[in-house]
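Subject: Structure handover

Hello,

Here is the structure for your files. Please open it alongside this note.

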Amino acid sequence: MIRYAIFFLLVGTSLRLSAQEKFWIYFSDKGTSARSGLFKSHSSPEAVRQTAQLLSITERSLERRARRATVTAQGIDESDLPVALEYLAALRAQGVLPVTESRWLNAVSVRFRTDDERERIRLLPCVRMIEPVKIYRADTLHTSVETERVAPKLQREAATGGMDSSARSSLSSIDYGPSLAQLEMINIPRLHALGITGRGIIVGMLDSGFRWKKHEALEHADVIAEYDFIQNDANTANEAGDSNDQDEHGTKTMSVLGGFMPGQLVGPAFGASFMLGKTEFVPQELNSEEDHWVAGIEWLERNGADVVSSSLGYSEFDPGQRSYTYQDMNGRTAVTSIAAVIAARKGVCVCVAMGNEGAHAWHYLTSPADADSIISVGAVSGTGDVAGFSSVGPTSDGRMKPDVCARGVSDICASPSPSSNSLYVFNSGTSLSTPLIAGTVACLLSARPELTPIDVRRVLRESSSNAQNPDNSIGWGIPDAYKALVADGLLVSAQLDVRVLPDSSRHIAARILSGSHAYALVPESLVCQYSLDNAASFLTLRLSLDSLIDSGTKSGVYGVTLPKHTTHFYLSAKDAGGNVRQLPFNAPAVVYTSDAAPIARRRHILPEEFALEQNFPNPFNGRTTIRYALPSPSHVTLSVYDLLGREVARLVDHEDQTAGIHTAVWDGVDRASGVYFYSIRTGEFTQVKKLLLIR
């Protein structure tokens, strides 16, 4: 059955989907060899980008794969190809229409009308095999304790990126309210005090739905995309045909990960961006299917998600249904587990709940927690003892599970309510310990973007309370987020403080940390390389100590005032062990502009031609960035237009803008969801591109 790893009462509703049994049709290959030839290793970077566009794989996904994927999954490979069109046509010729398509499984799910129809499809030359889609039911969960918000509402923007150092320092005194207990157990407040909140990381969530727009703890979340895989639309909140509590579970898990309401609820990664997938239909009398989850994780990966958090688990089902057995919990049988492993190999950190089966006859983990290369999360109480309901390992092939645990007993979370946007509840389950760990992962990646999924799992395990004696009840134990952050030594935090001084110069400060006294920082090695000529050459300034964090390791906030005409800069640090680290990651190939926006240095310092890049993120909700290139000083106008051709925003109107790479930001404020166009005009160049705003 599907096991929501959280305890609260589910209310039934009427059946909405077809009662016909659903099957997976697996194909023998991806079709013509010419399509496979697109992915030969000698393909140029430009050819790869063009192919990615054809396959709806975003540049963000390609960048993540290049940085964090296994060697065999970097770039684009056969798994990215859609199911062959000629095979889909063969199904349609037989009157069979796909419900869900999986590129990774090279399969489609369908509903057969008769056994004869299924046998006719089985005989097609392109069909490798046909298997039932596994079906499961929602667990009945316990009622929550509810509370109305009592703390005054504070502005989320005051505790996220883009503010000066004095505002950033206030992070150390966030009023966490009742959520302090669940965050302190994994040492998240210490990361927040360093300005690490998950900013720059995309977290994908797969759940029952999300009423994020109508709860005070989530209404300011940076949701860049959402999709309902049940009704095939872009609304993950309740809609016609849904039961009243359809979006309850997802709203709660999202709030535990990324909510922000000081005095009541703060999530570990409230600074992250979100992609939301509605994959589960909750009523008890309805059996639902695993294919939505597979489609959801493929969508998240193609669109650049760095982390996936899923508090769903599939194991034994109703009598007479198609069930997995414990022997199937080997990471290679359940299709959700197969998909989770593929996502991890493509560089996505997948965090999934172990399940709430600990006190049931089936007390083992549920899929996809059995998958390899992912992070499976159990639950502990407020005293750190394993929760009685938390499922246990090992996998059927003998691998130890869970990986780590977090508090999953009486966690506070936001609860959707038609009468209140400030309702909070205390719930229990691995559904809530999982987003706590996923939020921790988002924070780690925002500070250490080079970490692969295996690296992330390693530093979490090594920093955990049971690391010396892991077992199949609590795994490696409860992680310490700060220890995991500095586990690999020297760290220059990716969160910069930028303060504009009265003379218009800028003071840049960064947190530079070491986790070991034996590898203390070498202060004279902490330098800023800055350029006054568009990165053609760099000069050096020593960083000075603004404030000390740890005298033994010399960790602290180090800063420098940049000369007024600085165009680009990057930071460099060294510790006593000879380890060197730059900021941005991969500097000097990547450097900051004067306003601390990281850009890649071009082979030619100045662009060779005019260019207007696709906005990112796209679609977007909140803010989107548009970057453009000028090979020579130009009069530049950059505007946004609606479908009627009316100018709705002028982002740039510069008489004589310098040559180089420039950026503009549009927040779409007061604009409805829909398609817009943005256009750049110079004396020599005009180009128009399309963007999508989703509210």
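Below is what was found in the model.

This is a predicted model: local features need pLDDT of at least 70, side-chain atom pairs count only at pLDDT 80 or more, and totals for chains, interfaces and linings use all residues. Residues are numbered from 1 along each chain as its sequence is written, and side-chain values use heavy atoms, with hydrogens and water left out.

**Overall**
The chain holds 14 helices and 36 strands (DSSP runs numbered from the N terminus: H or I of at least four residues, E of at least two). Of its 695 residues, 58% are buried (under 20% relative accessible area, 1.4 Å probe, protein chains only). Take contacts (heavy atoms within 4.5 Å) between residues at least 6 apart in sequence: 73% join residues at least 24 apart.

**Helix 10**
This helix covers residues 291-302. Its first and last C-alpha atoms lie 17 Å apart, close to the 16 Å expected (1.5 Å times one less than the number of residues). Of its 12 residues, 12 are buried. Among them are Trp293, Trp299, Glu298 and Arg302. Just after the helix, Gly304 has a positive phi of about 95 degrees.

**Helices 12 and 13**
The axes (lines fitted to C-alpha atoms over the stretch in contact, angles from 0 to 180 degrees between N-to-C directions) of helix 12 (residues 430-447) and helix 13 (residues 453-462) come within 11 Å and cross at roughly 115 degrees. That makes the two helices roughly perpendicular (65 to 115 degrees). Ile437, Thr440, Val441, Leu444 and Leu445 in helix 12 meet Val456, Val459 and Leu460 in helix 13.

Regards

Technical notes:
Buried means under 20% relative accessible area, exposed over 50%, partly exposed in between (1.4 Å probe, protein chains only). Angles under 35 degrees count as roughly parallel, over 145 as roughly antiparallel, 65 to 115 as roughly perpendicular and the rest as oblique.
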